[in-house]
Amino acid sequence: PVASSAHVVVKDKPESVIMRLAASNGGFIEYKYTVYPDNYMIDFGTSFVSLNDVMATNTSSVTLDWKMYVPQQEKGRVNEENYTWLKYKVYQDKVEGLSMRQRKQVESQDLMKLNWIAYKDQFFSSVIIADNYFLNATVSSTKTDPTSKFIKYFESEIGVPVVKAETPTVNLKFYFGPNQFNTLKKYHMGLEELVFLGRNIIKWISQFLIIPVFNFLGGFISSYGIIILILTILIKVVLYPLTHKSYISMAKMKAMKPMVDELAKKYPKSEDAMKKQQATMDLYKKAGVSPMGGCLPQLLQMPILFAMFRLFPTSIELRHQSFLWATDLSTYDSIAHLPFTIPMYGDHISLFTILMTAATIVSMKMSDTSGQEQMPGMKAMTYAMPVMFMFMLNTFSSGLTYYYFLTNVIGIIQTQVSKRFVSEEEILRRIEENKKKPAKKSAW
């Protein structure tokens, strides 16, 4: 170190830290780190001073070795490991990376022309950024032992262009900071892609709908548990017309069950299955009922659920934020630690996950207004799905399971509201009226 003090404190102006490696002839390599107030971006300059007898004058590039053992920092190792990976931005192209769910013990790749390389974990990233572009790089990711205090080992051999001069120099930048979407986006380098929000429509929903509302509410509400509650209510209110339409469609299906049963009696033979199906569809068409009417509104809501599934486990805003019995909304809540580990479930009991499962089963039972007979075992399989999700989500973010719990509770309330405004007698009357009307001719 070249400094008069052992510590440098950055307050209202940039400060630099200089490190030198001396050569035998009086020359040296100098690293200069410049830190700015209220900024996660650090300038990193390298100078090769009086090293002409060591470094050829026509040298146009040097190799930079950058290695890192990524430490485990969160309570849920499995979840943290899923979001710990190596990413990079191809020069004048998109952000890519090694496999998110790494299967091999060691995964490596040879690359050409990159803007930056990032070592990221669940909530933080270390990024090395070229002044223009890196010539090439060989990057690798190595999985560590599950008992290790490190998640993965990252290594990069990077070809860095050198400015030819009497004193050759290399100018780079480092980003050491949180994976916070708005913070990363303001650098205009594509760094916001380090926050994995899913792909296509799921990513758009998170980026242009959920994150802005989340940040807006965070501006004047300190409790993220309350923010999730308000966000859930807003989403369910906006989607209620679809939910109500779905309920009405299923209620119509239930009202028509006796008519469908009559057709089943008319075509009892298995070889008449096609005729029965055609007659059933004709009946639905005359009555103005769509068998898919109850499913489509639900499917339209799925992207929002998937967006939440991607957003909450990676939201640094939830990290170390407590709510009720959950001490950290970014990881699982635990009301009891088990003396053994259950496969897929873990070694703890998450109360939010149990509440989510119970609310899902109740919601499914109350929403089942179709009246349709199910295939043997289908009903049991339907109710087994929430139990499977309980096992899968027991180690996930308690903010996510809390959100799913709220979604189901509000859904139950909305189902009760819909029931008060839907009369089975009125549905039957309208169906009979529709059956009497001439069938509409297709525009085709």
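Serine 50 lies in the loop between strand 3 and strand 4, where helices (H or I, at least four residues) and strands (E, at least two) are DSSP runs numbered from the N terminus. The structure is a predicted model, in which local features need pLDDT of at least 70 and side-chain atom pairs count only at pLDDT 80 or more, while totals for chains, interfaces and linings use all residues. Residues are numbered from 1 along each chain as its sequence is written, and side-chain values use heavy atoms, with hydrogens and water left out.

Phi of serine 50 is positive, near 50°, although the residue is not a glycine, and with a relative accessible area of 45% serine 50 is partly exposed (buried means under 20% relative accessible area, exposed over 50% and partly exposed in between, for a 1.4 Å probe and protein chains only). A positive phi, of about 55°, is also found in aspartate 38, likewise a residue other than glycine. Aspartate 38 belongs to the loop between strand 2 and strand 3, and its relative accessibility of 80% places it in the exposed class.

The whole structure contains 24 aromatic pairs, for which rings of Phe, Tyr and Trp (its six-membered ring) must have centres within 6.5 Å; planes under 30 degrees apart count as stacked, over 60 as edge-to-face and the rest as tilted. The rings of tyrosine 33 and phenylalanine 44 form a stacked pair, because their centres are 5.0 Å apart and their planes meet at 20°. Since tyrosine 33 lies in strand 2 (residues 28–35) and phenylalanine 44 in strand 3 (residues 41–49), this pair ties together parts that are eleven residues apart in sequence. Tyrosine 33 is partly exposed, at 27% relative accessible area, whereas phenylalanine 44 is buried, at 4%. The pair of tryptophan 66 and phenylalanine 174 is tilted, because the ring centres are 6.0 Å apart and the planes stand at 55°. Distant parts of the chain are linked by this pair, with tryptophan 66 in strand 4 (residues 61–71) and phenylalanine 174 in strand 10 (residues 169–178), 108 residues apart. Both tryptophan 66 and phenylalanine 174 are buried.

The charged end of lysine 75 is placed over the ring of tyrosine 332, 4.5 Å from its centre, and that of lysine 113 over the ring of tyrosine 133, 4.5 Å from its centre.

In the helical part of the model, helix 10 (residues 398–421) comprises 24 residues and spans 35 Å from its first C-alpha to its last, close to the 34 Å expected at 1.5 Å a residue, the expected span being 1.5 Å times one less than the number of residues. The N-terminal end of helix 10 is capped by serine 397, a side-chain oxygen of which lies 3.1 Å from the backbone nitrogen of glycine 399. Lysine 266 is part of helix 5 (residues 257–266) and, at 57% relative accessibility, counts as exposed. The C-alpha atom of lysine 266 is separated by 8.1 Å from that of lysine 276, ten residues away along the chain.

Definitions and conventions:
A polar contact is a pair of N or O atoms within 3.5 Å; within protein, one must be able to donate a hydrogen and the other to accept it, and residues adjacent in sequence count only if both atoms are side-chain atoms. A charge sits over a ring if NZ of Lys or CZ of Arg is within 6 Å of the ring centre and within 35 degrees of the ring normal.
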